[in-house]
Number of protein chains: 2
Amino acid sequence: MNTLPIGIFDSGVGGLTVLQAMRRRLPNENLIYLGDTARVPYGTKSRATVERYAIEDAAFLVRKGVKLIVVACNTASAMGRERLRRDFPTLFLTVLGPGTRAAARATRNRRLGVIATEATIESGAYEHGIREACGKKEVAIFSKACPLFVPLAEEGELDSEITRRVAEKYLLPLREQQIDTLVLGCTHYPLLKPVIAEVMGEQVALVDSAEAVAAEVESLLRGRDWLNTQDAPGTSQFYVTDAAQRFHRIAEQFLGEPLTHLEAVEVWGHDRLQA
Amino acid sequence: MNTLPIGIFDSGVGGLTVLQAMRRRLPNENLIYLGDTARVPYGTKSRATVERYAIEDAAFLVRKGVKLIVVACNTASAMGRERLRRDFPTLFLTVLGPGTRAAARATRNRRLGVIATEATIESGAYEHGIREACGKKEVAIFSKACPLFVPLAEEGELDSEITRRVAEKYLLPLREQQIDTLVLGCTHYPLLKPVIAEVMGEQVALVDSAEAVAAEVESLLRGRDWLNTQDAPGTSQFYVTDAAQRFHRIAEQFLGEPLTHLEAVEVWGHDRLQA
């Protein structure tokens, strides 16, 4: 198993924050990234549709022969994780688990906020996961869907006056609840971290699950003795379902290095039967 | 042919502006609306993908036995109209044609602006269409993609301070060009008309293609003697590919009347061969 690649999927470019954290912590692993850019975004769609998309994405990575699949999309994690674990024999790690555990470790006053897409918030998955991670301790959790954050991030409005106003609209009600920890429950949101931090104030810890995911991937693989022990640096392969040029531009800008392998593929119509 | 329904498709809810204009002008026609809410938006995707989606949407309506298909999505019109006309024997009317002709009639100083999605602007279809509609007269056309307008409209930020700032960012450069006519080249944009009008000033005519489309549908059907001459009011049937509840809420709010027929359907994987 050691030399097999790790698969990562997201609805678009957001999961690159997770890939980057894994690349840094696990430099010898071979990574395969799939961005479902033909059907982005997932966060405004129904459970049935997000489940189907997640299964098709996972089936593509299974056919690539991966040893582990990281679900880097919070919406797909919240809506699809049960179906994925039921339908595939593959090992899965979703961004949700590491994110909720990191939040439980970070809070002091046990008043936490969660921001995510509409679909993720409606699923209640973060709230449920944080309560579980906090064990028997009582916690107060305040959730807020921030639907304009993804398009703002995708349009590169990372630190503008417009983004600041949108952030104030979404976040000031959370700030009033005197939370000490805010979970960024969407892989796009770390791109807006400076604005979010400014609005929330420095007393609020921002939990970005990318680092937490990379740490859990490492310990999971180490526990099974599946780490890649090759001396050479690992490779990164990228697949998208649409608009490869746009992805290429954003990914190179974000990762700060050229993409050596980028390919447009079709994933629809493949389910577990063809996997 | 007379009693057959008219099909209308859009990537989501935006085409309801076209349906509403047709309902008013052609009260006896039976209308079938398809919103591809599982794959919305189209405006950030590639030509190949938008073409495929448009063909699958049209094939669904062809199977419903329509006499005419109105492509109410500007992106699908700009990217897909050639493939649609080549692959189907059906009569098509895209929002693009009526919109460009209405713009050519409206301008006095022959300086026009076009706002639309990235994909529509990149296609150059409006610019080409307006030049064609203006015949031999010289015109200056200024185009601007407004990618945040669709999510703002979808989130109901129709008349807020945030939307005003976004509108200023996109539109002030067009205003400086002293255009006298601005084409709203996306069916979502009429929802933001008050803010757009405020930023552009009252000397600029806003061309919203919904009315122009309804007028051309009427004259097209009249010319072929295909108008529905029934006395009873026509019916409206709605189909969506995802999240029927969300569509239901937005559509009833927008149309101001209850939806009598709304159904979730699958359109993918059907192309002209199965049509």
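What rotation superposes chain A on chain B? In this predicted model, local features require pLDDT of at least 70 and side-chain atom pairs count only at pLDDT 80 or more, while totals for chains, interfaces and linings use all residues. Residues are numbered from 1 along each chain as its sequence is written, and chains are lettered from A and ligands numbered from 1 in the order in which they are written.

Chain A is brought onto chain B by a rotation of 180° with 0.0 Å of shift along the axis, at an RMSD of 0.0 Å (least-squares superposition on the C-alpha atoms of residues with pLDDT of at least 70 in both copies). The two copies are therefore related as by a two-fold rotation axis. Both copies use the same surface, since 100% of the contact residues of chain A recur in chain B (contact: C-beta atoms, placed from the backbone, within 7 Å). Among the residues of chain A, Arg39(A) comes closest to the rotation axis, its C-alpha lying at 2.6 Å.

Within chain A, the axes of helix 1 (residues 16-25) and helix 10 (residues 209-224) come within 8 Å and cross at roughly 45°. Helices are DSSP runs (H or I) of at least four residues, numbered from the N terminus, and axes are lines fitted to C-alpha atoms over the stretch in contact, with angles from 0 to 180 degrees between N-to-C directions.

Conventions. Two residues are in contact if their C-beta atoms, placed from the backbone, lie within 7 Å. Helices (H or I, at least four residues) and strands (E, at least two) are DSSP runs, numbered from the N terminus.
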